Amino acid sequence: MTVCGITARTGRADVVDDLLNGLKNLEYRGYDSAGIALQNGDGLDVYKRQGETGDLDADVRRRRPSGEIGIGHTRWSTHGAPTDANAHPHTCCGGDVAVVHNGIIENHDELRTELEAAAHEFTSETDSEVVPHLIEERLAAGDGPEAAFRAAIDRLEGSYAIVAMVDGRDAVYATRSGSPLVLGIADDGYFLASDVPAFLEYTDRVVFLEDGDVATVTASTHTITDSDGAMIVRTPETVDWNPEDAEKRGYDHYMLKEIDEQPDALERTLEGRIDAERGTVDLEAFPPGSFADVERVQLVACGTSYHAAAYAQRLLTHRGIPATAHRAGEYAETANTLEHGTLVVGVSQSGETADTLQSLRRITDADARTLAVTNVVGSTISREADDALYIRAGPEIGVAATKTFSSQVATLLLLAERMAADVDGAGSDDTSAVLSALESLPGNLRTVVDNTDAGAIARRANGRESHFFIGRDVAHPVALEGALKFKEITYEHAEGFAAAQLKHGPLALVTDDTAVVAVFTGRHDEKTLANVREVQARDAPVIAIASEDSHSVVEAADELLPIPDTEPELAGLLANVQLQLLSYHVADLLDRPIDKPRNLAKSVTVE
Ligand code: F6R
């Protein structure tokens, strides 16, 4: 069972470099173990091992293999330890079928029992290994490779993206059901991958495969058929991501690069969407009136995207639109009955998060409309929801989400304004003021990233036993996000709280060894200041994130990370960037693997 990155390459005399490069580019999807298989004209060669793709790269280069067609995989294990044996590609008993898989095969126990009874020997603990044995079984029964591949896939239940090679055939066979898979069309052959950044430096022409598609890809041709074998024509799309956006460009870490590029990302998010003078929002596919029938909104998401959803809940409520935010993994248990007029908004950077997708799938029969807010054009969520709204942040490689949070919140603010204008009786107090503050947001973010003292404060704050993040209203989800980022990349203890909740329990934990980070937006500041005084009375040092114009906050705080003065609804976004930088610098001081925190992966495609 795996969440991971798949890649395949055809069309060059030697595909090894491109395969290894693709795996390096996909490492954010998993980095427990990695492997490649090559068709070298003389059988299939498989190289796989525990560890990061860099370890595999070194091994492979030492052994200098070559091949004209290859498949590769980088793994994030959820079942079966990250050992050499459990690494992909997996092969069949005879070694002439190699397979990489992303997803989960739910009926693998039953298939394994059946295959073992037919004398197949398994060498790993993974669910994925049933696939090469199933293909081998059909080949032995006389099927050709493509027919054997189809017959094997027909037996699978669960979610998967699979790419397979059969010895002696200059082709790869690929399919998907519930897990992402994209075909890249280059001048000199083809790529298959879980995500576009795997091959973005070679081509921007892609076909996003759909569930049930079977692609047969050789060095110079590709065909796509449906599960019955009928030909399908899928027109290639051009992705507008810049290959340089997916590179580190001299930064030590993708995370810092992605924090720094937030002003540019936001400019793309907002481009052409705001007319501050007239107080109007233009959301391309959603002309005025598109949301006139919306009576309430439920936002569903995971992790950082959940925090963006919780932020949006406040933005909608401020505008008189009833809204609730739900953690996707819990949505089935907590969602109210979906009455007519409910808009369910799935927020997902990747558009592939299984918990979020399942939440939306659960309500497809109900009388509710679904909208995906995502960064990835062609992602599963964008295709499964009734409509999609893109945040246009560009590729995000660091496992910790940064720029996409800012672009999600900005997009959701535009959506809230559009809805407020569409829905009778609802409306922002001052749309023009909010929209012109949005226009200034990229510049204000630049001020934060160019002038931050987060590095110096990180040096002084580092070493505390615990870190509490507090805020109210939109600053509450920002506090939760600050704590998530902090624990995720520093491995230090951190918790986020609604500021008012501290005195109802968590205050018992506060000592002089608890750093308290308090987020101020210019709204309800006096109340949060009272909470700050409560922790200071217990000797906890306080780092405030606030405008320098908030004199009472500046005076009370032990340390200040300033943000430019702006509308309170946007101050949370500026504060969040300071929190990202604080986490980054503490993690850097502690020498953590910032772009690849232990046990995590960027895209979690299992529930
Ligand atoms: C945290 C982080 C995760 C993701 C979560 C949802 O830094 O990146 O918490 O936010 O896994 O992912 P998406 O937005 O792709 O659905």
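Modeller: Helix H4 (residues 130-140) and helix H5 (residues 145-154) have axes that come within 8 Å and cross at roughly 130°. Helices are DSSP runs of H or I, at least four residues; strands are runs of E, at least two; both are numbered from the N terminus. Axes are fitted to C-alpha atoms, for helices over the stretch in contact, with angles from 0 to 180 degrees between N-to-C directions. This is a predicted model: local features need pLDDT of at least 70, side-chain atom pairs 80 or more, while totals for chains, interfaces and linings use all residues. Residues are numbered from 1 along each chain as its sequence is written, and side-chain values use heavy atoms, without hydrogens or water.

From H4, Val 131, Leu 134, Ile 135, Arg 138 and Leu 139 meet Pro 145, Ala 148, Phe 149, Ala 151 and Ala 152 of H5 (heavy atoms within 4.5 Å). Nine of these residues are nonpolar, none is polar and one is charged.

Now the sheet. It is open, with five strands in the order S18-S17-S19-S20-S21 and parallel pairing (at least two DSSP bridges per pair). Strand S18 (323-327) and strand S21 (387-390) are the edges, each pairing on one side only. From one strand to the next, the twist averages 20°. Strand S17 (residues 296-301) pairs with S18 over five bridges. Ala 301 has Arg 327 in S18 as its bridge partner. Helix H8 (residues 303-318) lies across S17, S18 and strand S19 (342-348), at about 170° to S18. Helix H12 (residues 403-422) also packs on the sheet, touching S17, S19, strand S20 (369-374) and S21. The direction of H12 makes about 165° with that of S19.

Notes
Ala, Val, Leu, Ile, Met, Phe, Trp, Tyr, Cys and Pro count as nonpolar, Asp, Glu, Lys and Arg as charged, and the others, Gly among them, as polar.
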